[in-house]
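Dear colleague,

Please find below the structure that I am handing over to you, together with its sequence. My account of what was found follows directly after it.

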Amino acid sequence: MGAQWKAKHKDLAANAKGRLFGKLAKDIMIAARHGADPAANSRLRLVVEQARKVSMPKETLDRAIKKGAGLTGETVHFEHVIYEGFAPHRVPVMVECLTDNVNRAASDMRVLFRKGQLGTSGSVSWDFDHLGIIEAEASTKGADPELAAIEAGAQDFHPADEDGVVVFLTDPTDLDLVSRALPAHGFTVLSAKLGYKPKNPIDPSSLSAEHLEEVEAFLAALDANEDVQNVFAGLGG
């Protein structure tokens, strides 16, 4: 689980491929507003790298860059909206949306949160830290994530998971600075974005198997919505 909820099961992850491409395309379009050349646009470069790692078709990638940079003549307008509330069994949730129709997104959230509880602004966010979240992997043998975190200016880090991915946490204003510093300390940045980390995560073992399944189904339904970009749940790892 962790700060950002992700589908645990491989079949869920496989079915979500198309949705993942859609979310990345939005990130690419927004990043490309500041220039269509990844070499001169660090934010775009990172998102393009993420897209390539999940095998996004080149045609889809190029189209998103051109559309975001205004090279196709189309107008791209997404609004960033945050929804707060609770999943079943009082698990706090922050939902980040990028939408071209705020009314549709709000209506969808009201429906999706019927199985939980939709809160007002500030009702849940107080229990989360707003941070820069960097996923990286060691590019040199013996690279020390703790030393890299200190040298690069990160606030904290989570040790490598089973896939070898280390998570570095930064102050929101230091996200780009730390992202650019990590390669010099033996780490390749896979993704870098702002997000939310729960201050008091609920231990999944405190929930019954049935209750945990209900929470996961709720989070999966949120993640499947076309306007939802990221879901951050207050569950421990």
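The mean positions of the 26 positive and 34 negative charges of the protein chain lie 6 Å apart. Please bear in mind throughout that this is a predicted model.

**Overall form**

The secondary structure of the protein chain consists of eight helices and eight strands. Along the principal axes, the C-alpha trace spans about 50 × 45 × 35 Å. The radius of gyration of the protein chain is 18 Å, which agrees with the value near 18 Å that a compact globule of 237 residues would have.

Of the 237 residues, 43% count as buried. The accessible surface of the protein chain amounts to about 12,500 Å², and carbon and sulfur atoms account for 51% of that surface.

**Aromatic pairs**

A pair of aromatic rings is described by the distance of the centres and the angle of the planes. The structure holds three such aromatic pairs, and two of them are set out here.

One of the pairs is formed by F168 and F187, with 5.4 Å from centre to centre and 80° between the planes, an edge-to-face arrangement. This pair links distant parts of the chain, since F168 belongs to strand β6 (residues 165-170) and F187 to strand β7 (residues 187-198), 19 residues apart. Both F168 and F187 are buried.

Another pair is made by Y196 and F232. The ring centres of Y196 and F232 are 5.7 Å apart and the planes stand at 65°, so this pair is edge-to-face. Because Y196 lies in strand β7 and F232 in strand β8 (residues 228-233), the pair ties together parts that are 36 residues apart in sequence. Y196 has a relative accessible area of 14% and is therefore buried; F232, with a relative accessible area of 1%, is buried as well.

**Residues with positive phi**

Most residues other than glycine have a negative phi. Against that background, two residues deserve mention.

S55 is not a glycine, yet has a positive phi of about 60°. S55 is found in the loop between α3 (42-53) and α4 (58-68). Is S55 buried or exposed? With a relative accessibility of 54%, S55 counts as exposed, the cut-off for this class being over 50%.

H89, which is not a glycine either, has a positive phi of about 65°. The place of H89 is the loop between β1 (79-87) and β2 (91-99). At 30% relative accessibility, H89 counts as partly exposed.

**Surroundings of L24**

Finally, I draw your attention to L24, which is located in helix α2 (residues 17-31). L24 has a relative accessible area of 6% and is therefore buried. Which residues is L24 in contact with, leaving aside its neighbours within four places in sequence? They are V47, Q50, A51, V54 and M56. For one of these, V54, the separation from L24 is 30 residues in sequence, while the distance in space is 10.0 Å from C-alpha to C-alpha.

With kind regards

Definitions and conventions: Residues are numbered from 1 along each chain as its sequence is written. This is a predicted model: local features need pLDDT of at least 70, side-chain atom pairs count only at pLDDT 80 or more; totals for chains, interfaces and linings use all residues. Side-chain values use heavy atoms; hydrogens and water are left out. Helices (H or I, at least four residues) and strands (E, at least two) are DSSP runs, numbered from the N terminus. The radius of gyration is taken over C-alpha atoms; the globule rule is 2.2 Å times the number of residues to the power 0.38. Buried means under 20% relative accessible area, exposed over 50%, partly exposed in between (1.4 Å probe, protein chains only). Accessible areas come from the Shrake-Rupley method with a 1.4 Å probe; for residues, only the protein chains shown count as cover. Lys and Arg count as positive and Asp and Glu as negative; His and the chain ends are not counted. The place of a charge is taken as NZ of Lys, CZ of Arg, CG of Asp or CD of Glu. Rings of Phe, Tyr and Trp (its six-membered ring) pair if their centres lie within 6.5 Å; planes under 30 degrees apart count as stacked, over 60 as edge-to-face and the rest as tilted. Contact means heavy atoms within 4.5 Å.
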